[in-house]
Amino acid sequence: MNDKIARELRQICNPVDPVSKRVYRRLKKQYKRLPHNARRDFITLLKQTTFELGSEQGRSLLDKD
């Protein structure tokens, strides 16, 4: 994984608290496990997914569809 991809993942899921850092690491692992032809689609799918920090949930990362 190069810096450009890591930067894109950080932009999608900003690792600011322990939960979001864990999600960021999981996204990196999933990206690295994918075949090379599916990686660009993975980034595109993540950009379409909305990540939001909810204060009522203890600032956990929520995945909205």
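Here is a short chat about a predicted model and the labels put on its parts.

User: What are the ground rules for this predicted model?
Analyst: Local features need pLDDT of at least 70 and side-chain atom pairs count only at pLDDT 80 or more, while totals for chains, interfaces and linings use all residues. Residues are numbered from 1 along each chain as its sequence is written, and side-chain values use heavy atoms, with hydrogens and water left out.

User: Why is E8 called buried?
Analyst: Buried means under 20% relative accessible area, exposed over 50%, partly exposed in between (1.4 Å probe, protein chains only). E8 comes in at 11%, so buried it is.

User: And what makes K47 exposed but R40 partly exposed?
Analyst: K47 has 52%, while R40 has 42% and so falls in between.

User: How do you know that R40 and E8 form a salt bridge?
Analyst: The rule wants a side-chain nitrogen of Lys or Arg within 4 Å of a carboxyl oxygen of Asp or Glu. For R40 and E8 the N to O distance is 2.9 Å, so the pair passes. K47 and E8 pass too, at 3.5 Å.

User: What does the R40 and E8 pair tie together?
Analyst: R40 sits in helix α3 (residues 39-48) and E8 in helix α1 (residues 3-12), so parts 32 residues apart in sequence are joined. Helices here are DSSP runs (H or I, at least four residues), numbered from the N terminus.

Methods: Helices (H or I, at least four residues) and strands (E, at least two) are DSSP runs, numbered from the N terminus.
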